[in-house]
Amino acid sequence: MKAHRAEECEMSHADLSLVDAYWRAANYLSAGQIYLMDNPLLSEQLVPEHIKPRLLGHWGTTPGLNFVYAHLNRVIKERDLDVLFVTGPGHGGPALLANTWLEGSYSETHPDVTRDAEGMRRLFRQFSFPGGVPSHVAPEVPGSIHEGGELGYSLAHAFGAALDNPGLIVACVVGDGEAETGPLAASWHAGKFLNPQRDGVVLPILHLNGYKIANPALLARIPHDELDALLRGYGYAPYYVEGDEPTEMHARMAEVLDQVVDEIARIRKRTDRPHWPMIVLRSPKGWTGPSEVDGVPIENTWRAHQVPLAGVRDNPDHLRQLEQWLRSYLPEELFDDNGAPRPELLTLAPEGTRRMGATPHANGGLLLRELKMPAVRTHAVEVSKHGTTHSEPTRVLGRMLRDIVTLNADRRNFRVFGPDETASNRLDALFDVTGKQWQAQTLPVDEHLTHDGRVIEVLSEHLCQGMLEGYLLSGRHGLFNCYEAFIHIVDSMFNQHAKWLKTHKKLEWRRPVASLNYLLSSHVWRQDHNGFSHQDPGFIDHVMNKKAEVVRVYLPPDTNTLLAVADHCLRSKDYVNVIVAGKNETPDWLDPEEAVLHCTRGAGIWEWASTDDGVSEPDVVLACAGDAPTVEVLAAARLLREHLPTLRVRLVNVVDLMRLQPETEHPHGMPDREFDALFTADRPVLFAYHGYPWLIHRLTYRRTNHHNFHVRGYKEEGTTTTPFDMLVLNDMDRYRLVMDVVDRVPGLGPKAARLRQLMQDQRTRHHAWIREHGEDLPEIREWTWQ
């Protein structure tokens, strides 16, 4: 046994000299990207003209990332592992660009950046340069599913990618600055959801280089025992690699990685929840860079975070120091005269899709399989007369999702994520066929907890979103259901994903991935029991700020339209789809065929609810978007039909909010002629909208008849009250809408004064009734369309 270990040690030393050379090459290429626009091989002495005029980039975290990448290459090649690399530290772009160029995957996706001197020059010049690539690990970098521009999401993405990928190891480097964020703190718990036999493995590598942009990092400054207790308390078995001397650090990292991979192999045979291995890498910030500049310490301080030598073009001493730094990596030993990596160096790199820059798990569209979908008609509710029956939209949708899980059980490529709200949002039919994945302790009173479920529930919207993003970007499908008010928690995560998709769609080598689908329920108009804190429809406004080629917003008014919209969204690719739908009983307005046609149109006239003859123009248009607004508009239309039978009313329902925009602004937008035909060019339009009313004005401000649009919606009035009182408080109730018609239709006011007074009296009566009885008026609770 001892002799065998000695052989391994001798072989390890030979391997580690190669690892060190690979590391030096990556460090050289990384520093070159920050500084050089010419003379990439230092074939002549550096002069100011070789230096970029604007020095942008981040050196501090880069050597550590290169160190990890080089060591992972060794273990991947020796053991034929399948590894996805996730880069958590912000601005780690130079490292991943350098490593993917070295292994050849970058030149395969960017053929103009060849693996020679000219390609190296282009690699250097493009970095943080106009028309080039950003300093993050952006979509342009092969092998990436995580940008790292905004910190906190790397572990969540890693765990999402590991779900249902039993052969995959996701190596996730967590920056010590990133480790201070709330989303990252929650993400440590994601290990309690992974099934060792059914899912892949996440290997967190906490990179403690001591500093953020201007301050020490907390986890790097607490005592070792406290850090160790924290990580073990999260459920991990930490291995430590600490130091600054390269030879010793290489030996320790190789030893630890071998131990970790062995432990992962043992864990994969277990059925109980393991203590997952992780690595704590403590190395100097700006490792191998300038130790000091102008007498001021740089390496192992916060000053190494960005550009260690800032005055290179103007300061000859800095220029010479830069050249000395770059030559310290011995580039002549690493690259041949043509600038290509030397063949012996490339023996460390894995081959084909084992290269971390070429893994299909980071280009999920290559692995994507279409969802098997049930026929929408099999779940649709029967509607013999418009608005006379009721159903719970999300409860019916839950039955369709149940069938999607069943149909795709063999593929294991569909999951539902949510923060403890699957049953609350009435999607609990899912639990007929699956459970909530859970590896922690279970008690006899627990329900639906299982080691192998298709539902992930954790009370962190950040973690739900991050895991779903990782799941989608690695080639699977999913749905995120959430209370509408609290989806704002992931506003910034949505931003990052939408930006990723915008860039991803422009890269031909990146294949389309399944859309990120939000189902927002328990919405603003039915949070009467929770009150003001749970009332906020503003996520739609936030989404509408993003590029039109990425975002879609749907407001299905009933069950059958929700099914049609969900079917469309779950089949779509490369979008963020937002669906807002209630869970409470609502009238069934459209039969299945009508629902599909209406959702295909996105907006249309409901002839059966209108009193214009379809030939002459209406006196007024009543428009609505959203389930609660639709009920109120229909109720107002019925009151008008009863009290003003000669008034010509057109009722328009909008299910696809993007239809309101001009076709020049969004692919779903309407041309002006179509818009004017639908809403008229000069008649009053009373629009009841689910969210904040000014969004409708923003979407329609260019239209001919915009000055005649009068929008009712949520205006920050709410409390614990009855459902109808929420509408009254925000002036979107049926009585207020009838009053608006009286006020807005020219010449109607004097003729309909009594009707207006009656509507005002009804609001007064409502106010008194709910305070005496604690529930809405009988004619409100029992209302149906006739």
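Tutor: By class, 4 nonpolar, 6 polar and 3 charged residues make up the lining of the largest cavity. Ala, Val, Leu, Ile, Met, Phe, Trp, Tyr, Cys and Pro count as nonpolar, Asp, Glu, Lys and Arg as charged, and the others, Gly among them, as polar. Keep in mind that this is a predicted model, where local features need pLDDT of at least 70, side-chain atom pairs count only at pLDDT 80 or more, and totals for chains, interfaces and linings use all residues. Residues are numbered from 1 along each chain as its sequence is written, and side-chain values use heavy atoms, with hydrogens and water left out.

Student: OK, and what counts as a cavity?
Tutor: On a 1 Å grid over the protein atoms alone, it's a set of points where a 1.4 Å probe fits but cannot get out; lining residues have an atom within 4 Å of a point.

Student: How much space lies in the largest cavity?
Tutor: About 130 Å³. That volume is the space filled by probe spheres set on the points, with grid points joined across faces, edges and corners.

Student: Which residues lie nearest its centre?
Tutor: Glu147, His157, Gln496, His497 and Trp500, out of 13 lining residues.

Student: Which helices each supply at least two residues of that lining?
Tutor: Helix H15 (461-473) and helix H16 (491-504) do. H16 gives the largest share, 3 residues. Helices here are DSSP runs of H or I with at least four residues, strands are E runs of at least two, and both are numbered from the N terminus.

Student: Tell me about a residue in H16. Where does Met493 sit, and is it buried or exposed?
Tutor: Met493 is in helix H16. With a relative accessible area of 1%, Met493 is buried. Buried means under 20% relative accessible area, exposed over 50%, and partly exposed in between, using a 1.4 Å probe and protein chains only.

Student: What is Met493 in contact with?
Tutor: Leaving aside neighbours within four places in sequence, Met493 is in contact with Tyr153, His462, Gln465, Gly466 and Glu469. Contact means heavy atoms within 4.5 Å.

Student: Back to cavities. How many of 30 Å³ or more are there?
Tutor: The structure holds 4 of them.

Student: What lines the second largest cavity?
Tutor: Leu397, Leu401, Leu479, Leu519, Leu562, Ala566, Cys569, Leu570 and Ile579. H14 and H18 are the elements that give two or more residues to that lining, and H18 has the largest share with 4 residues. By class, that lining has 9 nonpolar, no polar and no charged residues.

Student: What about H14 itself, which residues are buried there?
Tutor: In H14, the buried ones are Pro393, Thr394, Val396, Leu397, Gly398, Met400, Leu401, Arg402, Ile404 and Val405. The buried residues of H14 pack against strands E8 (390-391), E9 (414-418), E13 (477-483), E14 (516-521) and E17 (586-587), plus helix H18 (559-571).

Student: What span should H14 have?
Tutor: At 1.5 Å a residue, its 15 residues (393-407) should span 21 Å, and the end C-alpha atoms are 21 Å apart, which agrees. The expected span is 1.5 Å times one less than the number of residues.

Student: And how many residues of H2 are buried?
Tutor: 15 of its 18 residues are buried, so H2 is largely enclosed by the rest of the structure. Asp80 follows H2 and has a positive phi, near 55 degrees.

Student: New topic: where does Asn165 lie?
Tutor: Asn165 is in the loop between helix H6 (154-162) and strand E2 (168-175). Asn165 counts as buried at 12% relative accessibility, and beyond four places in sequence it contacts Arg198, Asp199, Gly200, His361, Ser474 and Arg476.

Student: Now zoom out. How many helices and strands are in the chain?
Tutor: The chain has 27 helices and 22 strands. Of its 786 residues, 63% count as buried.

Student: What about the radius of gyration?
Tutor: A compact globule with 786 residues would have one near 28 Å; the chain has 30 Å, which agrees. The radius is taken over C-alpha atoms, and the globule rule is 2.2 Å times the number of residues to the power 0.38.

Terms used: 1 Å grid on protein atoms, 1.4 Å probe; cavity = no way out; pocket = protein on both sides within 12 Å on 5 of 7 lines; lining within 4 Å.
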